[in-house]
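This report moves from a single residue and its surroundings to the chain as a whole. The sequence and the model are shown below.

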Amino acid sequence: MNKNPLGHEKIPVLLRQFAIPSIIAMVVSSLYNIVDQIFIGQGVGYLGNAATNVAFPITTICLAAALLVGVGGAAKFSLELGAGNIKEAQQCIGNMFWMAVAFGLVICAVTELFIDPLLNAFGATETVLPYSHSYVRIIGIGVPFLLLTNVLSNSIRADGSPKYSMACMVIGAVVNTVLDPIFIFGFHMGVAGAAWATMISQVISFLVAFRYLFRFKTVKLGKDFFHLSPIKCVEIVSLGISNSLNQLALTLLQIVLNNSLTYYGGLSVYGSDIPLSGAGIVMKVNSIVIGVFVGLAQGSQPILGFNYGAKQYNRVKALYKLEIQCSFVMSILAFLTFQLFPQTIISLFGSGEGLYMEFTVRFMRIFLMMIIINNVQMLSASFFSAIGKPMKGVLLSLSRQVLLLIPLILIFPLFWGLNGIMYSAPVADVLAFFLSIAVVRKEFADMDKLEKQSL
């Protein structure tokens with residue numbers, strides 16, 4: 001009998017203990033950008049919202065690096081714990097930390113040095129560029145803190161402290177929500193005020209997470225913490241690559257989508273700025289739903305990794321099935337909300353001209369039409385990373401955004417203009433769903449064979 005509860009506690013109990021704090025943390029993390037959008041929309045207008053949409057790839061690139069190191073390191077940490085390799089698990093924590101420091105400083109430097117070329121590549125128009133410049137110049141400083149907080153949060157969760165991991169994110173979000181109206185309306189700082197609020201809150205979240213480094217329960221950090229092992233780094237990256245590529249694919253998708261919207265929007269009655277702003281709001285709102293899925297996946301990761309490492313395949317399969325069932329509840333709620341109440345949601349981000357509301361409502365209803373099955377592809381990709389099979393995770397991570405959605409965004413508008421961009425998403429969602437089901441079924445069959453061999 002495993003002494004660690006991950007190996008013998010009931011699966012529903014474990015999922016509730018680990019996933020709920022993780023989901024809250026990820027949703028709260030998504031709210032960083034949502035809160036900025038709401039206050040900027042009310043204080044600056046839809047051009048300010050368009051500016052944060054253009055800047056959003058900076059955040060997604062940072063989160064991609066955080067997932068590469070954080071999810072990969074936590075997966076390796078959990079697999080080693082499940083196999084009883086305590087020293088190997090210890091070494092994971094230090095390598096995760098210093099890799100996060102390195103990635104954070106590089107992304108920060110690139111953002112600050114090449115800000116204008118980056119914003120132009122991300123789809124900024126002449127009217128939006130000044131707003132985006134003010135916003136990105138400031139949030140770029142906070143990139144290392146955002147990355148480190150996310151990486152430490154994953155290691156804290158894997159150590160068996162999901163509530164503390166959640167607190168790291170919640171505290172920062174509360175600070176951001178309080179500072180946004182003070183800086184935007186009280187000090188009349190506009191988008192720069194929103195950026196300062198975000199950056200300060202990220203620093204505070206990092207300090208809370210950093211405090212836990214000296215309180216790990218399952219391992220004791222020693223001199224190995226300062227030793228960066230190239231082999232260990234490669235192992236961590238290999239396990240985090242599918243989650244990271246999924247986030248990078250979202251970044252590439254955002255860039256292609258922004259540029260397509262400004263081009264085809266310019267050929268329509270909406271112009272270039274309205275589609276850019278409206279789509280940005282829809283994507284930010286959808287990030288809350290994605291945050292639920294990612295939180296569920298990250299909360300499940302330590303349980304999946306430990307049990308797969310301990311060769312308890314029945315528990316691995318049971319947890320995956322329970323994840324899917326739980327995520328469908330959120331998918332159904334999201335579908336109904338986006339289809340029935342789009343005007344109510346959009347109005348939170350400020351008022352705009354009639355064409356602005358018309359476009360954004362149509363974009364939300366059509367682009368997110370098949371959100372009801374999005375959960376399967378995302379959870380399946382994370383599932384393979386958690387059990388130490390990153391290549392299958394990479395396949396599923398890239399399937400929707402890179403292999404399907406981006407080509408459709410480039411092809412469909414040639415025939416149907418802006419409508420083609422909107423309908424590309426539901427088509428890609430359906431195809432990615434069936435691919436995910438096929439790959440997971442094959443993996444379950446392989447586990448059944450391994451289980452029979454061990455009898």
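## Contacts of one residue

When neighbours within four places in sequence are left aside, phenylalanine 359 is in contact with Leu261, Tyr270, Ile274, Pro275, Ala279, Leu418 and Met422, contact meaning heavy atoms within 4.5 Å. This is a predicted model, in which local features need pLDDT of at least 70 and side-chain atom pairs count only at pLDDT 80 or more, while totals for chains, interfaces and linings use all residues. Residues are numbered from 1 along each chain as its sequence is written, and side-chain values use heavy atoms, with hydrogens and water left out.

## Placement and burial

Phenylalanine 359 lies in helix H13, which covers residues 354-367; helices (H or I, at least four residues) and strands (E, at least two) are DSSP runs, numbered from the N terminus. The relative accessible area of phenylalanine 359 is 1%, so the residue is buried (under 20% relative accessible area, with a 1.4 Å probe and protein chains only).

## The whole chain

The secondary structure of the protein consists of 16 helices and zero strands, and buried residues make up 60% of its 455 residues. Of the contacts in the protein with a separation of 6 or more, 83% are between residues 24 or more positions apart.

Along the principal axes, the C-alpha atoms fill a box of roughly 65 × 45 × 35 Å.

Methods
Buried means under 20% relative accessible area, exposed over 50%, partly exposed in between (1.4 Å probe, protein chains only).
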